[in-house]
2 protein chains.
Amino acid sequence: MNYPNGIKKNKTVILNKKIDYKNRGMNLENDINETNNYYIDNDIAFIYKKPTPIKLVKVDYKKGRIDEAYFEMPSTTDYNGIYKGKYIDFEAKETTNKKGFPLINIHKHQIKHIRNIYKSNGICFIIVRFTSFNETYLLMARDFLDFIDNIKKSVIPREYFITNGFKIKDKFIKKVDYLEIIDKMEDV
Amino acid sequence: MNYPNGIKKNKTVILNKKIDYKNRGMNLENDINETNNYYIDNDIAFIYKKPTPIKLVKVDYKKGRIDEAYFEMPSTTDYNGIYKGKYIDFEAKETTNKKGFPLINIHKHQIKHIRNIYKSNGICFIIVRFTSFNETYLLMARDFLDFIDNIKKSVIPREYFITNGFKIKDKFIKKVDYLEIIDKMEDV
């Protein structure tokens, strides 16, 4: 199941603004959202995180309140939008693993989606942050799918990101300025 | 507030499969989802409905259950994706109004989003179904924004859709085959 980032998964929690602020800037999702807001505010790109899909079970429509619902598996990646007229699509994940990125973090139908977008000539990639090293990499769909199809291991080694991916610089305003990397590519 | 289509808003309802099936094919959202599934299954386009954004308040992560949450206002349109390598984006609404489409159905920030996508050269439009006539129209963002900027009325008359929009044929398999209309356009 897919849980929103940055919140504990092992007990009942009351989410409030205090908790939201506490986590601000502390994780990849927040950093990307801030970057996307910068892109939007400056008319650079219009890229948004999709809401987590939820199965509604019991709803009080009079009060606009959901009383029972469950997290559902997303069928696509989390982020998509438009950049310079082109379709852009990516998934972003953090890992504490020091050796590499375990593929179990990306569902089968998400891999299928990445394959579809790649074949359709969309700009498609994954962003992975290795929290132990505070390093964030962008890996294009081509190289991601090449690993899955040809190397077929359950963990993409950190070295694979270093060799085939692009390190995203840590900036103050555009915290995860992934479009800077896209701009440098000749074929997108 | 934005409620999912096809369910009563005035009392507590238990949603179950029976109700889902009962409404199947009965409303625009279902028809578009079926059409999108056809496009996806046949590698024609990859366009999805975004989940309704929800503000989580109380969550039992042990059981994966949401115990209290509220519907939030979406900041973008409901549908987006990729078609022939291009970014595509639209909003879809039903109305029982016989004279026209009340603009109150589309939030200000959604109009702003449509404007952004139009300026970014995305394929952008709205789909409106007049349920009283069982007619479904596609209106390109250019003509939609032109109405808002220059005619400035609170209801887009049905005649405006007839004159400036494109009627979507009622089909058996691709129920709302909007890409057939996009294909006929020279400038997209």
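**Confidence, a hairpin and a helix pair**

Chain A comes out with an average pLDDT of 87, and 85% of its residues score at least 70. The model is a predicted one, and the predictor assigns the complex an ipTM of 0.83 along with a pTM of 0.84. Residues 1–25 of chain A are another story: pLDDT stays under 50 there, and the model has 40 contacts beyond four places in sequence for this stretch.

On to the strands. In chain A, strand 3 (residues 54–60) and strand 4 (residues 65–71) run antiparallel and are joined by six bridges. Ile54(A) sits opposite Phe71(A) of strand 4. Four residues lie between the two strands of this hairpin, where Gly64(A) adopts a positive phi near 65°.

Over in chain B, strand 3 (residues 54–60) includes Val59(B). With 25 other C-beta atoms within 10 Å, Val59(B) clears the cut-off of 20 or more and therefore counts as buried.

Back in chain A, helix 3 (residues 108–119) packs on helix 4 (residues 141–151) at an angle of about 130°, and their axes are 10 Å apart. The crossing of helix 3 past helix 4 in chain A is left-handed. Helix 3 contributes Ile111(A), Ile114(A), Arg115(A), Ile117(A) and Tyr118(A) to the contact, while helix 4 supplies Ala141(A), Arg142(A), Phe144(A), Leu145(A) and Ile148(A).

Terms used:
Residues numbered from 1 in each chain as written. Chains lettered and ligands numbered in written order. Predicted model: local features only at pLDDT ≥ 70, side-chain atom pairs only at ≥ 80, totals over all residues. Pairing = 2+ DSSP bridges. pLDDT = per-residue confidence, 0-100. Contact = placed C-beta atoms within 7 Å. Buried ≥ 20, exposed ≤ 12 C-beta atoms within 10 Å, placed from the backbone. Axes fitted to C-alpha atoms, helices over the stretch in contact; angles between N-to-C directions. Left-handed = near helix turned anticlockwise from the far one by under 90°.
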